[in-house]
Amino acid sequence: MRAERVDHPVDHDQAVDALRRSYAAVPAGEPVRLAKRTSNLFRPRSTPRTPGLDVSGLTGVLDVDPRARTADVQGMCTYEDLVDATLPHGLMPLVVPQLRTITLGGAVTGLGIESTSFHNGLPHESVTELDVLTGAGEIVTARPVGEHAELFRAFPNSLGSLGYATRLRIELQPVRRYVSLRNVRFTRLEELTDAIGEVIEKGAWAGEPVDAMDGVMFSPGEAYLVLGTFTDEAERPSDYTGQDIYYRSLRRRTRDALTAYDYLWRWDTDWFWCSAAFGVQHPVVRRLWPQRYRRSDFYHRLVRLEHRHQVAARVDRWRGRPARERVVQDVEIPLAEMAGFLRWFAGNVGMTPVWLCPLRLREPAGPGSARAWPLYPLQPGETYVNIGFWGSVPIADTATDGDVNRSIERAVSETGGHKSLYSDAYYDRETFDRLYGGVVWRAVRDRYDPEHRLTGLYEKAVARK
């Protein structure tokens with residue numbers, strides 16, 4: 001599957017120039033934002049008074065090199081477009097986050113994860129170099145070693161507070177035409193823990209190789225581990241873009257298969273299970289709902305409208321229902337602590353289902369490989385499980401908005417885990433700095449943004465600026 005390499009240096013240079021001009025036009029002291037149509041953030045932010053940065057020309061794939069198994073990609077390129085460019089070569093990014101409109105730059109600066117993370121780590125670990133627009137308005141190329149190595153290591157989980165990636169070179173991996181799936185049910189969380197550990201150790205389950213692994217917990221007594229194997233043969237691959245709904249299939253099928261393309265976007269059609277909030281899972285509504293709108297970015301637009309106009313909250317108040325707190329989080333819990341945390345979560349928060357995605361940091365590829373990611377300091381050699389839960393819960397009249405999220409933050413910290421920062425966070429600054437590399441972040445910021453033009457990490461993640 002060889003194709004001609006595609007290079008667009010002139011277009012890219014023009015796009016970078018446009019970005020730099022738009023950055024220079026932002027008055028000193030005004031917040032800097034990207035002018036992009038989609039976002040996968042789940043926290044409200046203050047409204048900027050100045051135009052966003054022009055990233056309109058930074059949305060493409062510059063080059064796919066099938067022999068080297070690498071791709072040069074612009075920072076605002078969505079994974080949907082990236083996958084479209086790599087699959088014809090029989091290749092895919094090492095980790096493809098679940099939602100189509102997540103951008104490569106966003107997944108690196110804001111973290112991402114998926115079912116290959118148990119052996120490929122997180123998206124930023126496949127980056128070999130990246131060009132960054134810094135707070136000083138300069139473009140620097142950061143690599144694991146060399147002059148800008150400290151920026152390379154601090155960039156993941158910096159959320160744009162240390163600059164914006166304009167180009168990234170990433171590793172790719174081979175993929176087959178289909179993904180064969182085994183949906184393994186567990187009635188005890190300790191058995192699920194042992195199974196994850198066995199797959200991590202052997203790369204296989206019951207004698208069959210495992211290339212991808214995630215799962216769903218419907219209750220502490222009903223959880224499923226989904227084990228995927230890349231293959232070139234499959235009988236009647238399933239289609240979950242129509243009437244069938246993917247997560248429901250785990251309960252009724254022990255074996256399944258999807259095309260590689262459909263597997264990568266299996267969660268996007270129904271935003272995991274969150275499309276139920278819009279009625280899209282009702283058979284009648286689903287037949288009438290246009291298929292082009294069964295996408296996570298469309299559902300996200302509906303959520304943003306709700307945040308702006310508070311229609312559902314007004315209806316709940318009119319009906320006398322209790323207020324609700326948004327609980328939209330992804331947390332990394334050490335595997336040994338997973339069962340205890342899930343039982344605590346079921347008893348104290350009670351949201352179901354929840355997503356389970358094991359991960360480990362990648363082993364270093366050679367001398368000088370970066371293993372320490374100080375702004376999201378997972379431990380090398382430790383197996384974690386990402387637990388994702390997205391929705392809202394009723395709160396008592398005497399409660400303060402954020403109490404449930406604060407209790408989750410405490411529980412995560414007690415396990416030695418970490419919480420992603422794409423949604424609401426309530427840490428005080430001292431705790432935040434301890435958990436998210438505050439000392440390193442300040443040193444890198446002072447070097448690359450000496451006038452502190454970019455919004456700080458704490459201000460973005462907690463103060464919602």
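**View 1. Contacts across the whole chain.** Among contacts (heavy atoms within 4.5 Å) in the chain with a separation of 6 or more, 73% are between residues 24 or more positions apart. This is a predicted model, where local features need pLDDT of at least 70 and side-chain atom pairs count only at pLDDT 80 or more, while totals for chains, interfaces and linings use all residues. Residues are numbered from 1 along each chain as its sequence is written, and side-chain values use heavy atoms, with hydrogens and water left out. If you trace the chain, you'll pass 16 helices and 18 strands; these are DSSP runs numbered from the N terminus, with helices being H or I of at least four residues and strands being E of at least two. Of the 465 residues, 56% are buried, where buried means under 20% relative accessible area, exposed means over 50%, and partly exposed is in between (1.4 Å probe, protein chains only).

**View 2. The largest nonpolar core.** A nonpolar core is a set of buried Ala, Val, Leu, Ile, Met, Phe, Trp, Tyr and Cys residues joined through side-chain atoms within 4.5 Å. The largest one here has 88 residues, and the members that touch the most others are Leu-130, Leu-151, Trp-273 and Phe-432. Strand β8 (residues 164-174) gives this core its largest share, four residues. Apart from it there's another core of 38 residues, including Val-199 and Phe-345. Zoom in on Trp-273 and, skipping neighbours within four places in sequence, you'll find it in contact with Val-216, Tyr-247, Trp-267, Gln-281, Pro-353, Val-354, Trp-355 and Trp-390.

**View 3. Arg-255 and its partners.** Look for Arg-255 in strand β14 (residues 255-259). Arg-255 counts as partly exposed because its relative accessibility is 45%. Leaving aside neighbours within four places in sequence, Arg-255 is in contact with Leu-181, Arg-182 and Glu-208. With Glu-208, there's a side-chain to side-chain polar contact at 2.7 Å. (A polar contact is a pair of N or O atoms within 3.5 Å; within protein, one must be able to donate a hydrogen and the other to accept it, and residues adjacent in sequence count only if both atoms are side-chain atoms.)

**View 4. Helix α13.** This helix covers residues 403-415, and its 13 residues should span 18 Å at 1.5 Å a residue; the end C-alpha atoms are 19 Å apart, which agrees. (The expected span is 1.5 Å times one less than the number of residues.) The buried residues of α13, among them Val-404, Ile-408 and Val-412, pack against β15 (324-334), α12 (338-348), β17 (384-394) and β18 (418-419).

**View 5. Salt bridges.** A salt bridge here is a side-chain nitrogen of Lys or Arg within 4 Å of a carboxyl oxygen of Asp or Glu, and the count comes to 31. In one of them, Arg-447 meets Glu-150 at 2.6 Å, N to O. That pair links distant parts of the chain, 297 residues apart: Arg-447 sits in helix α15 (residues 438-448) and Glu-150 in helix α5 (residues 149-154). Another joins Asp-297 and Arg-295 at 3.0 Å, and both of these residues are buried.
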